[in-house]
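The sequence and structure are shown first.

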Amino acid sequence: MDNKSCLIYSGSEFTLEWYYDKNGKSVAKEYYLESTTDLQKKFLILVKRMGDFGKIFDKTKFRNEGDGIYAFKPQPDRYLSFFTDRKKIIVTNGFKKKTDKLPKNEKDLAKKIRQDYFDRQSGGKNDEIDI
């Protein structure tokens, strides 16, 4: 994984990328880089599985959080993401899970990032899909 690249993994089913804002900052990648090697490996295993097979059936590892937002769940971390119709998954933000429920502010951030992504990619045309 290149430090300047948005690419996390490219599999036969999906390509997974970090979201970068217009200033070149990726809160999800920064969170990942600050994690321990073991936590990074847990996340990358899930990313590779999704990229190669297109599904993770274990809801304790990957889950639809509603509103087109999905969570990779390498315990105790969470990485929120969304799908595009171009066979991409964009990872928006990461955080340590502290409560049973998904924090509203983290989901709101993921939704705001998704909107910014589509606005910048296609001049406002939303090309997301919901699986």
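Glu-17 stands opposite Ile-90 in E6. The model in which this pairing is found is a predicted one. A further bridge partner in E6 is Ile-89, which pairs with Leu-16. E2 and E6 run parallel and are joined by four bridges.

The residues of strand E2 (15–18) are divided by direction: Thr-15 and Glu-17 point one way, whereas Leu-16 and Trp-18 point the other way, and all are buried.

## The neighbouring hairpins

Ser-10 stands opposite Thr-15 of E2. Four residues lie between E1 and E2 in the hairpin that these strands form.

E5 and E6 also run antiparallel, with seven bridges joining them. Ile-90 of E6 is the bridge partner of Phe-82, and Ile-90 also stands opposite Glu-17. The hairpin of E5 and E6 has three residues between the strands, and Lys-87 there takes a positive phi near 60 degrees. E6 is mostly covered, since seven of its nine residues are buried.

The buried residues of H1 are Ala-28, Lys-29, Tyr-31 and Tyr-32. Viewed down the axis of H1, these residues fall within an arc of 160 degrees, so they line one face of the helix. In general, an α-helix has 3.6 residues a turn, so residues three or four places apart point the same way. The buried residues of H1 are covered by elements that include E2, H2, strand E5 (77–84) and strand E6 (88–96).

Ser-35 is located in the loop between helix H1 (27–34) and helix H2 (37–53). Is this residue buried or exposed? Ser-35 has a relative accessible area of 13%, and because the limit for a buried residue is under 20%, Ser-35 counts as buried. Its side chain reaches the backbone oxygen of Tyr-31 at 3.1 Å. Beyond the neighbours within four places in sequence, Ser-35 is in contact with Gln-40, Asp-77 and Tyr-79.

## Nonpolar cores

The largest nonpolar core has 20 residues, and those with the most contacts inside it are Trp-18, Phe-43, Met-50, Phe-72 and Tyr-79. At least two residues of this core come from each of E2, H1, H2, strand E4 (70–72), E5 and E6. H2 gives the most, with four residues.

Not counting residues up to four places away in sequence, Phe-43 touches Ile-8, Trp-18, Tyr-32, Phe-72, Pro-74, Tyr-79 and Val-91. A second, separate core of six residues includes Tyr-19, Phe-82, Ile-113 and Phe-118.

## Ala-110 in helix H3

Ala-110 is found in helix H3 (residues 104–122). With a relative accessibility of 0%, Ala-110 counts as buried. Which residues is Ala-110 in contact with, leaving aside its neighbours within four places in sequence? These contacts are Ile-69, Leu-80, Thr-92 and Asn-93.

Ala-110 and Thr-15 are 95 residues apart along the chain, and their C-alpha atoms are separated by 18 Å.

Key. Residues numbered from 1 in each chain as written. Predicted model: local features only at pLDDT ≥ 70, side-chain atom pairs only at ≥ 80, totals over all residues. Heavy atoms only, no water. Buried < 20%, exposed > 50% of the residue type's maximum accessible area, 1.4 Å probe, protein only. Polar contact = N/O pair within 3.5 Å; in protein donor to acceptor, adjacent residues only side chain to side chain. Contact = heavy atoms within 4.5 Å. Arc of directions from axis to C-beta. Pairing = 2+ DSSP bridges. Core = buried A, V, L, I, M, F, W, Y, C linked by side-chain atoms within 4.5 Å.
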